[in-house]
Structure formats: C-alpha cells, structure tokens
Amino acid sequence: MTTAEFLDLLIHAISSEDWQRLDRGDPSLVISRWNLKTLQRMRQYQPSSGCIPVEKTEALRLSLSEYLNRTMPEKPEGHQWIIISCLFLAFVARDPLHPQEIVRHLPVLKD
C-alpha cells in the first residue's frame, strides 16, 4: 500500500461527525492535546512517496489495542485517537510517537 493510500485510510477511519467534534474541541472527547494536534496535522499532511508494510501496521495496531485495553480499560472511547495518531506518526510522518520533551525527562529503566 502506498503512503498516500494509508494516510487516506487513517483520515477516513474518523467519521465526519468526529472530525467536526475534534475541530470544535468537544470537551466530551477523551483525547490528549498531543493526539489532537497530531490528528489535525494528519489531515493536512502531504505524504512522501513510498510503500507502507501493511503487516507491520496491523501488528502495531494490535499491540497498541492490547496495551490500551490493559492500561486504559476505563476509557475505551479514547483508544482510537491514540492508535490512529501512532499509526500516522510511525508509518506516514515517521516521527516519534511521544512528545520528546516529555520522553527526555523520564527515568531510565535498568535491568
């Protein structure tokens, strides 16, 4: 699948009603500021040429879904925003999945 096709799939995974809610900043949405900005960026993004390994996108989607079901079971309505944002960042924009100013301040875990 091309990068442009994958980006189009991600954009259309969000309903027009949900895009309107995102654009309005609907306070009932369970979404972080980072993911909201990422989704807004995604809609305007001009992808480079290239191919997306579909099996890797599905593996990441499943991993994220399992992780979120374990760590955020009380907020399943927020999972889609995280998953779509991460797929966009990892495979289309090829950017870090987390704000780097936050990641730099996390403690380093040792074995």
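Predicted model: local features only at pLDDT ≥ 70, side-chain atom pairs only at ≥ 80, totals over all residues.
1. Start with the core. The largest nonpolar core holds 25 residues. Leu10, Ile14, Leu22, Leu39, Met42 and Phe88 have the most contacts inside it. The biggest share comes from α5, with eleven residues.

2. Next, look at Ile14. What does Ile14 touch, once neighbours within four places in sequence are set aside? Its contacts are Trp19, Leu22, Leu39, Met42, Trp81 and Ile84. Of these, Leu22, Leu39 and Met42 are also among the residues with the most contacts inside the core.

3. Now find Thr38 in helix α3. Is Thr38 buried or exposed? Its relative accessibility is 5%, and buried means under 20%, so Thr38 counts as buried. A polar atom of the Thr38 side chain lies 2.9 Å from the backbone oxygen of Trp34. Leaving out residues up to four places away in sequence, Thr38 touches Ser85, Phe88 and Leu89.

4. Turn to Arg61, which sits in helix α4. Arg61 counts as partly exposed because its relative accessibility is 31%, and that class runs between 20% and 50%. The side chains of Arg61 and Glu58 make a polar contact at 2.5 Å.

5. Arg61 touches Ile83 and Leu87, with residues up to four places away in sequence not counted. How far apart in space are Arg61 and Gln80, C-alpha to C-alpha? The distance is 9.9 Å, and the two residues are 19 residues apart in sequence.

Methods: Residues numbered from 1 in each chain as written. Heavy atoms only, no water. Core = buried A, V, L, I, M, F, W, Y, C linked by side-chain atoms within 4.5 Å. Buried < 20%, exposed > 50% of the residue type's maximum accessible area, 1.4 Å probe, protein only. Helix = DSSP H or I, 4+ residues; strand = E, 2+ residues; numbered from the N terminus. Contact = heavy atoms within 4.5 Å. Polar contact = N/O pair within 3.5 Å; in protein donor to acceptor, adjacent residues only side chain to side chain.
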